[in-house]
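Welcome! Take a look at the structure, then read on.

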Amino acid sequence: MYKIILPLICSVFISTNLFAQLLNVSPAQNAVSVASSETIIIEFNEALTFDALNYVKVFGRWSGPAELGLSLSNDNKTMELLTDDFFAGEMIMVSLDRNLPFENGTQLGVPYTWYFWMKTAPGTLIQTLDETIELKVAGEDWLQTYGAYAGDLNNDGFSDLTAVNENTDDLRILLNDGQGYYPNMEIQTMGTSTPSPNEGADFNGDGEIDLAVCTVHDNEMRVLLGNGDGSFSAPTTYQTGNKARGLGILDSNSDGYDDIIVANRESSNLSLFVNDGNANFTTLTLDPDPNGDGESGLAVADANGDGIQDVFIGYYTSNEVGIFLGDGNNGFTLSDKVSVIGRPWMIATGDLNGDGHVDVASANSTQHRMSIIFGDGQGGLSDAVEYVEGNTIFPLAIDLGDIDGDGDLDIVTSNYDSGTFGVWENNSAGQFTLVDLLLAPANASCAILHDRDNDGDLDITATDETDDVILLFENTVVLNAPSIKENTFNVIATPNPFKEETVISYELNKAAFVNLSIFDASGKKLIELLNEKQESGQHQVRWNVKDANHSTIGAGIYFYTIKVGEKEYVGKLIKS
């Protein structure tokens with residue numbers, strides 16, 4: 001931990017103003033691709049006191065509570081936070097307590113919380129399966145592993161895994177070996193319900209990652225306190241509404257403590273758990289939208305830029321996504337709500353189009369849709385932009401991260417029925433293209449985006465709730481593989497994945513000479529399917545999974561390239 005560095009303060013006076021004013025923060029609200037060398041700077045119109053650090057909290061989604069040091073400048077009006085290193089690509093939350101004190105006797109008066117995302121190294125959206133981890137032990141049947149949390153549980157600077165299992169009602173804790181692998185596993189029982197959605201926080205202020213877990217088919221929320229060595233205390237159980245499907249962490253009453261909010265699908269309301277600072281919670285039942293139906297997906301962010309955390313909701317039954325604006329005193333008001341196609345199962349928030357405002361991505365379990373909804377920074381939402389892809393069937397989970405390191409947030413959807421994880425590339429303007437489908441053994445459940453091996457890029461860690469495995473996909477460029485180019489020809493291969501054949505469809509806006517070839521993962525050309533001039537319009541080329549020697553190729557990853565003049569597109573094929 002850094003030492004506190006403070007210049008000499010010579011005088012104290014009393015002001016007639018009740019509150020000081022926050023002037024600026026850096027990194028900016030919702031910034032993406034913040035360099036690890038960038039310092040957190042907060043500017044005020046009044047001079048701060050010696051103990052200002054006690055009123056500031058920084059939490060990394062995976063690195064956990066940050067140890068802080070403080071430097072003051074500009075006549076003590078500018079606060080510079082000195083922190084330990086964050087993890088590449090993770091979301092950071094900075095919170096200022098409303099009681100933050102100033103020399104003149106005033107306080108900040110209102111809390112201020114903002115979020116930003118750490119920079120990632122250049123990487124690839126085309127990831128390869130590195131290892132499959134079996135979670136069942138001898139004699140076990142079906143765990144139903146649904147999701148995991150990737151926080152650093154033992155403070156060694158690496159991302160660990162806490163897998164949550166619905167049928168066995170336990171946690172499987174896997175500590176990182178410092179190389180990005182998880183050779184050992186511990187089991188912690190939880191009760192007799194169906195744990196699923198989970199999130200990390202520091203509920204008792206001891207600097208360790210704690211865990212909140214709610215139940216998807218029942219009416220419970222559990223709090224487990226971290227011991228700092230990779231283990232947790234026995235859970236404390238609280239009652240929720242029926243079918244607690246979504247969970248988020250926020251400071252709902254501006255007292256500086258982490259509270260918990262849960263969306264209850266069947267009772268169609270919210271449960272708010274207010275923390276006393278010692279991880280003891282008082283339960284409140286909220287219904288900010290009596291006309292809403294099936295509150296399920298939940299995410300916490302600042303929708304209107306006032307520094308008070310708001311709640312984004314996906315309505316499973318009424319096919320909607322909405323915003324509840326927080327008042328900083330346990331109150332929430334419906335601000336806006338829009339319709340989507342399909343039933344939102346899970347939502348995620350971040351700035352998707354680079355305008356500095358929070359947007360929403362929703363995995364809609366029916367209609368095979370992903371919805372993108374843009375926020376206006378004032379609590380309003382745009383109409384949903386719908387994405388549909390025939391090979392992403394029953395998307396039930398979604399997460400965001402800068403996978404390719406180009407400074408914007410990409411998306412991974414978990415598609416249960418098709419057994420695939422869809423990797424969607426952002427063009428920096430909030431428009432997405434499906435560029436890859438990662439295979440699950442049976443049913444794709446949840447994907448976590450984190451720098452598992454500390455090499456600076458985001459890896460994809462995924463779970464399969466039928467086979468009870470964790471899949472470690474590695475962000476490394478395939479050896480000698482063609483580079484991915486912009487899809488200017490509206491190219492798609494269907495089916496993909498495939499067994500016996502696939503059809504590559506594309507569109508030409510004018511007559512052109514076209515070359516279409518297939519490569520293996522090492523970059524070796526297997527066959528040239530097309531090399532001729534074609535007229536404008538739609539075209540299809542069928543590949544029967546044979547190479548130039550008429551030999552059938554085996555299962556694996558392959559690439560196809562379409563060259564039209566000076567332009568080229570590369571797509572990935574999965575032979576199952």
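Does arginine 61 count as buried, partly exposed or exposed, and at what relative accessibility? Arginine 61 counts as partly exposed, because its relative accessibility is 22% and the buried class ends under 20%. Please keep in mind that this is a predicted model.

**Salt bridges**

- The structure holds 14 salt bridges, and one of them joins arginine 61 to glutamate 199, with the closest N and O atoms 3.7 Å apart.
- Arginine 61 sits in the loop between strand S4 (56-60) and strand S5 (64-65), while glutamate 199 belongs to strand S15, so this pair ties together parts that are 138 residues apart in sequence.
- Glutamate 199 counts as buried, because its relative accessibility is 18%.
- Another salt bridge brings together the side chains of arginine 172 and aspartate 170, at 2.8 Å from N to O.
- Arginine 172 is buried, with a relative accessible area of 0%, and aspartate 170 is buried too, with a value of 3%.
- Arginine 542 and glutamate 501 form a salt bridge as well, their closest N and O atoms being 2.7 Å apart.
- Arginine 542 lies in strand S42 (residues 537-543) and glutamate 501 in the loop between strand S38 (492-494) and strand S39 (502-508), so parts that are 41 residues apart in sequence are tied together.
- Arginine 542 is exposed, with a relative accessible area of 52%, whereas glutamate 501 is partly exposed, with a relative accessible area of 33%.

**Cavities**

- How can empty space be found in a model? Rolling a probe the size of a water molecule over the atoms shows where such space is left.
- A search of the whole structure finds 5 cavities of 30 Å³ or more.
- The largest cavity has a volume of about 920 Å³, and 45 residues line it.
- Arg61 and Glu199 turn up again here: together with Asn198, Leu247 and Met346, they are the lining residues that lie nearest the centre of the largest cavity.
- Strand S15 (residues 195-201) gives the most to the lining of the largest cavity, with 6 residues.
- By residue class, the lining of the largest cavity divides into 29 nonpolar, 10 polar and 6 charged residues.
- The second largest cavity has a volume of about 60 Å³, and its lining includes Pro111, Tyr112, Asp251 and Gln309.
- In the lining of the second largest cavity, 3 residues are nonpolar, 5 are polar and 1 is charged.

**The largest pocket**

- About 630 Å³ of space lies in the largest pocket.
- The largest pocket is lined by 31 residues, and those closest to its centre are Leu53, Asn54, Val56, Lys57 and Gly256.
- S4 and strand S8 (91-96) are the elements that give two or more residues to the lining of the largest pocket.
- The largest share of this lining comes from S4, which provides 4 residues.
- The lining of the largest pocket divides into 13 nonpolar, 10 polar and 8 charged residues.

- S35 and strand S36 (residues 459-464) run antiparallel and are joined by 6 bridges, with alanine 447 standing opposite alanine 462 in S36.
- Another open sheet has 4 strands in the order S41-S40-S43-S44, and its pairing is antiparallel.
- Strand S41 (525-534) and strand S44 (567-575) are at the edges here, each with a single partner strand, so one side of each is left without a neighbour in the sheet.
- From one strand to the next, the twist in this sheet averages 15°.
- Strand S43 (residues 556-564) pairs with S44 in the antiparallel sense over 9 bridges, and valine 564 stands opposite lysine 567 in S44.

Notes
Residues numbered from 1 in each chain as written. Predicted model: local features only at pLDDT ≥ 70, side-chain atom pairs only at ≥ 80, totals over all residues. Heavy atoms only, no water. Pairing = 2+ DSSP bridges. 1 Å grid on protein atoms, 1.4 Å probe; cavity = no way out; pocket = protein on both sides within 12 Å on 5 of 7 lines; lining within 4 Å. Points joined across faces, edges and corners; volume = space filled by probe spheres on them. Nonpolar A, V, L, I, M, F, W, Y, C, P; charged D, E, K, R; others polar. Axes fitted to C-alpha atoms, helices over the stretch in contact; angles between N-to-C directions. Salt bridge = Lys/Arg side-chain N within 4 Å of Asp/Glu carboxyl O. Buried < 20%, exposed > 50% of the residue type's maximum accessible area, 1.4 Å probe, protein only.
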